[in-house]
Amino acid sequence: MLFNSLAYMIFLPVVFLLYWKTPFKFRTPLLLIASYVFYMYWKWEYGLLILGLTALNYFLGFWVERATVKKKLVFGLGIALNVIILGFFKYAYFVHDVVSDAAKAVGQPALPNFTVEIILPLGISFFVFEFIHYLFEIYRGAKPVKSFMEFALFPSFFPTQIAGPIKRYADFIPQLHKEQKLTQKDFDEGVELILFGLFKKVVMADNFALVVNRCFAHPDLVTSADLWLALYCFAWQGYFDFSGYTDIARGSAQLLGFKVPLNFNLPYLAGSISEIWRRWHISLSTWLRDYLFIPMGGSKGGELLTYRNIMLTMIIGGFWHGASLHYGFWGGTLGLFMVVHRGWQTFYKTKPWLENIVKTKYYHVFAVFLTMHAWCLSLVFMRSPDMNVAWTVMKKVLFLDTAQNALGWWQPSILATTDTNLLYPLLPFILVATYAMQLLVAKSKEIPGVMPNFKLNLFGKHIPAFKPAYLAALLIVLFIWSPDFSPQFIYFQF
Amino acid sequence: MKNAFSLTNFLKQSPVAQAFILVAIINASLLYFNPLQKLDPQAIVSNRTWAWWAVKDFRENPSDVIMMGSSFIMNPTWQEEAVYRKQSVDLVVDHRTTYLEDAIKSRALVPQNLRCFNFGLPGAMVSDQAMIVETMCQGPQKPKMAIFCVAPRDLMDCRFFNAGGSKHFRYLTNFTENKQAKDLAFMDVPGKFADWFSNALFFKNKSNEIQTLRANALKSVMQPYLATLPPSPLNQNSEEDRRSVFKRDEIEKGAWLAHPNTPYWYVNSSPDCRMRYKHLNSQVFENQKIWLDKALKTCKERGVKAVVVNVPSSPEARECMFPGIYERHVEAVTTITKANDIPFYNLDPGWKHEQKDYTDWGHMGPQGGSKMLNAIASIVAGNQELVTALNSPSNNNSANRKVAESEGKQDAL
């Protein structure tokens, strides 16, 4: 079921009402049933897959805990099983193609095609990562979850089921034990987060996508300036799409009295790629840190080993996003930027005068600017459908392609596109306004996604007029702008 | 410490509740006063779907014959047209089928300026065909003949739920106030609810009009700035640029070009076929039967000669079908056409099926298209009533074309 569908707009209020009307002891089974309905609405067969994986990991958890002699082997087996299942669904075609191409390159016949179609189950990357986290924690000494029902709800909890945030069971399970009361604050914030998330997706992301799709469909036609505009748009599309999804997930969970991790924290105000990665898809970046980077040795084995670990973590993180070379390149590019930044940090710390400059706010502004552009450059690999397109775009955005069209490289020619709306000519203003909004939000003390409740001082009374007007405007804009068929969330494919 | 939820306090204190009440008041006022004038659906630029383009072409180029159906008709007719004309044909803007025109002219004595229009739309059901008849077969562009091409899926596709859920149908409803048609549009509860929801919300119901008016207003304000911009390369009509880049239902010129020398081959897509013919889908079938009956009656009332043709179902399609679908289909179409005294031709008996005629389980390529169009031309030529209809001077098409051309120019402005 899609968050931006009418089905979900009916499903959520029904679950909400049933949940709060149900006695506490029946709430977990109710949520479990609702979560499976949510999942099986798409393809009922895959409900069995998630159930099977859940049962497997439930028993593996106990096995890992109880193993004394061969604990590491049992743990390794558990991790391997999860990785193999994820690998089969997500990477079978990729591996097949790579092996086939390699065979053809050395004059051998290509591998025969698969006789059955492998459909990637929605959200498998997310719930497999939650299982791996669970096994790691048990291996490190945590206690396994005794109740199968509670354990089954952990990966399947519908607000976070398809595209995260990736939860930690030690945060989630205790929330099932604490009887919650519905408060007005939870209700208001939950609904506001859902509305704001939908706004981000439907109004912002889906419209930025129009520019991105058209420019990447024809990178040969457009100028370097156009492609930079497209990259800015893609940066914002990705942010609004996924943070919008997360807001809806957070809002839905909050309506049921649950807190799920904050996944985004104004990433484009970051001063380095490492920082951006700490602010972007936080639940994934912390997962990669805790269950990949640190187990590989983290930064304890000297600089060279640290660089290796960073690169490996980021490349694997890239491939997690998709089974294709360009995703690996995306991760690798980010890793490379992180390594360069780490080297730069080591360097300037040896020069006190340089360190003083780095501490100034002018340097910070420059660093934010540079980081944003480095991030955009890495996105060339993420957005391009294949490596050929990626190179075409990369050459243009780095001004290495002199054979541009009749216009100069600096001319943003797409602004004159006579399309069905005025997105194109207004693009520079929209991009500037979007960035300015981030700066404003950064000044706010409120929870990300929740607007401050300004009060109007009228006849000596403080009237909270702003918030209802803001929410009403949000609703109206959503009704007007929401297309009948909004494209699905980008992160669903991961 | 969290406060317990209380409904009384909730309405007084919750900004969310207040916002919803505010929206409800604004919505009720707008529904009551309805300040937006009705726009010509063709002016709603945010709606450039298949149906939008086909209607635009049809209004600008009134035709004597319209041939309706799903992509089973649309694709082979268009692909064969490119082969026949020996040039690329852009289906988005060019729906004329000169192949059918010449095939009819070579078999019967009909006017030399006969024009045939390919009104096939992807995924179209019989209800969409009925809506085309309801909205297009009147006024200056009324055709002399309507050919209803139906395959079993057009009346019962298991991936289809409500006539009103079709994007073609939704667009075409903008041209009519026919309440009966709207009442038939939704059968199931989610469909009825979605329809009610959409109609009850002014902002949802009028979203296209609001977006169009807003865009027009902004455009006029920004004209001085827009005039300074260099020409955009993205305005070029290139094929691959257009296909996947718009919102899902929108298409643009150049997105669907058929080329004369494109090789076509058969792709096995039987899972899709099985999905569509998974079960009898009686609810949809019964509803579509009513639409067929209604469409034929409308043709008779308006003096448009109708003919129903059952397009061939490939052996692969017949294998995929749930038992009884095909027989039920033929029987129902026979009964309805007989009751309305409309000729019905089933192309299946005696049809020589060859896999090279098809590109998948249901769609023919240009070669299959040629066979099918020849069969349809023979049907028309062999039926004296149809030939007489084509020879009737009633619609004064040349005058109509001039009117439509001037309308088209106004649209373009």
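This is a predicted model: local features need pLDDT of at least 70, side-chain atom pairs count only at pLDDT 80 or more; totals for chains, interfaces and linings use all residues.

From α12(A) come Y307(A), I310(A), M311(A), M314(A), I315(A), G317(A), G318(A), F319(A) and H321(A). Facing them from α13(A) are Y327(A), G328(A), W330(A), G331(A), G332(A), L334(A), G335(A), M338(A) and V339(A). Sorted by class, the residues of this contact are 11 nonpolar and seven polar, with no charged ones.

**How α12(A) and α13(A) cross**

- Helix α12 of chain A covers residues 303-321, and helix α13 of chain A covers residues 325-348.
- Their axes come within 7 Å and cross at roughly 150°.
- Because of that angle, α12(A) is roughly antiparallel to α13(A).
- The crossing of these two helices, α12(A) and α13(A), is right-handed.

**α13(A) and its contact with α15(A)**

- Helix α13(A) also packs against helix α15 of chain A, residues 361-383: the two axes come within 7 Å, at a crossing angle of roughly 160°.
- So α13(A) is roughly antiparallel to α15(A) as well.
- This crossing of α13(A) and α15(A) is right-handed too.
- On the α13(A) side, the residues are H326(A), Y327(A), F329(A), W330(A), T333(A), L334(A) and F337(A).
- They meet A374(A), S378(A), F381(A) and M382(A) in α15(A).
- By class, that contact of α13(A) with α15(A) has eight nonpolar residues, three polar and no charged.
- Y327(A), W330(A) and L334(A) turn up in the contact with α12(A) and again in the contact with α15(A).

**The two domains of chain A**

- Chain A splits into domain 1, residues 6-179, and domain 2, residues 186-493.
- Where the two touch, 22 residues come from domain 1 of chain A and 22 residues from domain 2 of chain A.
- Which helices supply at least two residues each to the side of domain 1 of chain A that touches domain 2 of chain A? They are α1 (6-21), α4 (71-105) and α5 (124-139) of chain A.
- The largest share of that side, five residues, belongs to α5(A).
- That side of domain 1 of chain A is made up of 15 nonpolar, five polar and two charged residues.

**Chain A as a whole**

- Chain A has 18 helices and two strands.
- It runs to 494 residues, of which 42% count as buried.
- Of the contacts in chain A with a separation of 6 or more, 71% are between residues 24 or more positions apart.

**Chain B as a whole**

- Chain B comes to 20 helices and seven strands.
- Of its 413 residues, 43% count as buried.
- For contacts in chain B between residues at least 6 apart in sequence, 82% link residues at least 24 apart.

- Is helix α6 of chain B, residues 126-136, largely enclosed or open? It is largely enclosed by the rest of the structure, because 11 of its 11 residues are buried.
- Among the buried residues of α6(B) are V126(B), D128(B), I132(B), E134(B) and M136(B).
- E327(B) counts as exposed because it has 11 C-beta neighbours inside 10 Å.
- The C-alpha atoms of E327(B) and P152(B) are separated by 9.3 Å, although the two are 175 residues apart along the chain.

Technical notes. Residues are numbered from 1 along each chain as its sequence is written. Chains are lettered from A and ligands numbered from 1 in the order in which they are written. Axes are lines fitted to C-alpha atoms, for helices over the stretch in contact, and angles run from 0 to 180 degrees between N-to-C directions. Helices (H or I, at least four residues) and strands (E, at least two) are DSSP runs, numbered from the N terminus. Angles under 35 degrees count as roughly parallel, over 145 as roughly antiparallel, 65 to 115 as roughly perpendicular and the rest as oblique. A crossing is left-handed if the near helix is turned anticlockwise from the far one by less than a right angle, and right-handed if clockwise. Two residues are in contact if their C-beta atoms, placed from the backbone, lie within 7 Å. Ala, Val, Leu, Ile, Met, Phe, Trp, Tyr, Cys and Pro count as nonpolar, Asp, Glu, Lys and Arg as charged, and the others, Gly among them, as polar. Domain bounds come from an automatic or database domain assignment. A residue is buried if 20 or more other C-beta atoms lie within 10 Å of its own, exposed if 12 or fewer, and partly exposed in between; C-beta atoms are placed from the backbone.
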